Amino acid sequence: MNSYSIAVVPGDGIGPEVMDGALKVLAAAEKTFGISLEYHHYAAGAQHYLTTGELWNRDLEQQLRTHDAVLFGAMGDPLVQPGILERGFILAMRQAFEQAVNLRPVKLYPGVATPIAGLTPERCDLVIVRENTEGAYVGQGSTIHANTPNTVAVQESVNTRAGIERVVEYSFKLAVSRRRKLTLCHKKNILIEAGKLWQEVVDAVSARYPEVQVDYVHVDAMCFHLPIAPEKFDVVVTDNLFGDIITDLGAVIQGGLGVAASGNLNLDGSAPSMFEAIHGSAPDIAGKGWANPVGAILSAAMMLAHLGEKTAAQAIEAAAVNVLKDLPELAGPGMGMTTNEVAAAISSQIRADFTKVEGLSVMESLADSR
């Protein structure tokens with residue numbers, strides 16, 4: 001029996017609710033596939049910050065380092081000024097643990113409704129690889145002449161060859177396991193210096209992967225092509241800010257934020273990777289049972305795949321799809337089930353003899369790219 005130590009950070013709002021659903025599904029996978037997951041819960045988020053003043057700190061970092069992976073709920077609350085929790089905890093974790101890649105699948109599952117007319121699952125099956133520790137999210141900047149008509153705000157974006165190269169290298173490896181196509185998404189006609197460095201690195205790394213077709217698209221053009229022709233893309237690699245934006249667009253295309261999963265990957269095993277649904281804390285619906293837990297559940301499946309438990313991860317994905325296709329709506333009271341009921345339904349469908357979801361499997365790619 002393979003055993004893993006998992007840090008659980010439920011966070012705020014609907015975070016604890018969707019986390020409970022993910023843990024319920026993981027428990028079913030443990031029984032079915034002979035896996036042992038040992039959980040360690042950590043208090044963090046808005047209420048913890050308001051009570052203690054604590055965000056990310058050295059003690060917490062050392063504790064989390066002892067685990068094989070981190071499972072994260074959601075973070076944010078109107079009582080805390082925007083940016084404090086995001087920069088003081090989430091971005092701090094990504095940088096401290098060198099979680100260089102934010103991996104977000106954009107996959108339309110069979111039977112899941114999409115707002116894009118005529119879009120079918122076979123046309124929407126791609127992965128976006130977002131650089132996760134640099135760019136505009138390094139948190140560096142300054143303001144002078146504050147609160148005057150002459151206020152000047154400067155926000156820095158930092159791009160290093162080393163940071164770009166590790167993300168690009170991972171993207172090519174991922175492309176080899178898929179349809180062997182890689183697209184660089186940037187804005188190199190305006191962000192000339194950063195765009196030039198990204199293109200130089202892609203060109204250099206591509207020489208080691210001659211079997212992978214490489215192309216380029218401006219980020220504004222990506223926002224046009226992604227909704228109407230997602231089949232153009234297989235693996236998309238992009239910088240931190242652009243990746244944050246286009247993956248939310250991708251989530252809408254695949255049915256909404258409630259079904260979108262992600263992994264924040266440490267590529268060299270020096271620290272744990274972190275897995276989270278990409279939705280926010282949604283405090284307005286917290287406690288109502290209206291949150292769709294599938295994004296959190298698929299993130300937990302990605303965690304298992306990253307740990308090498310590919311079969312269990314694929315079984316969770318298959319069970320989730322079986323339940324998703326029968327939901328009248330993908331969020332809110334129109335789901336026809338509560339958050340807990342959706343998780344219970346998925347748990348009941350986890351089987352060793354599951355039928356794989358059609359199309360390319362990001363679970364398989366994750367496991368194979370370890």
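Modeller: Three elements each supply at least two residues of the lining of the largest cavity: strand 4 (101–107), helix 9 (294–306) and helix 12 (362–368). Helices (H or I, at least four residues) and strands (E, at least two) are DSSP runs, numbered from the N terminus. This is a predicted model, where local features need pLDDT of at least 70 and side-chain atom pairs count only at pLDDT 80 or more, while totals for chains, interfaces and linings use all residues. Residues are numbered from 1 along each chain as its sequence is written, and side-chain values use heavy atoms, with hydrogens and water left out.

A cavity is a set of points, on a 1 Å grid over the protein atoms alone, where a 1.4 Å probe fits but cannot get out; lining residues have an atom within 4 Å of a point. The structure holds 2 cavities of 30 Å³ or more, and the largest has about 80 Å³ of space. A volume here is the space filled by probe spheres set on the points, which are joined across faces, edges and corners. Among the lining residues are Pro105, Lys107, Tyr109, Leu298, Met302, Val362 and Met363.

A salt bridge is a side-chain nitrogen of Lys or Arg within 4 Å of a carboxyl oxygen of Asp or Glu. By this rule there are 20. One of them joins Arg351 and Asp353, with the closest N and O atoms 3.1 Å apart. Salt bridges that share partners also join Lys107, Asp125, Arg178, Arg179 and Asp234 into one network.

Another salt bridge pairs Glu98 with Arg166, their closest N and O atoms being 2.6 Å apart. The two are 68 residues apart and link distant parts of the chain: Glu98 is in the loop between helix 4 (84–96) and strand 4, Arg166 in helix 5. Buried means under 20% relative accessible area, exposed over 50%, and partly exposed in between (1.4 Å probe, protein chains only). Glu98 counts as partly exposed because its relative accessibility is 35%, and Arg166 does so at 28%.

Helix 5 (residues 161–176) also has buried residues, including Ile164, Val167, Tyr170, Phe172 and Leu174. The expected span of a helix is 1.5 Å times one less than its number of residues. For the 16 residues of helix 5 that gives 22 Å, and its end C-alpha atoms are 22 Å apart, so the two agree.

Terms used
1 Å grid on protein atoms, 1.4 Å probe; cavity = no way out; pocket = protein on both sides within 12 Å on 5 of 7 lines; lining within 4 Å.
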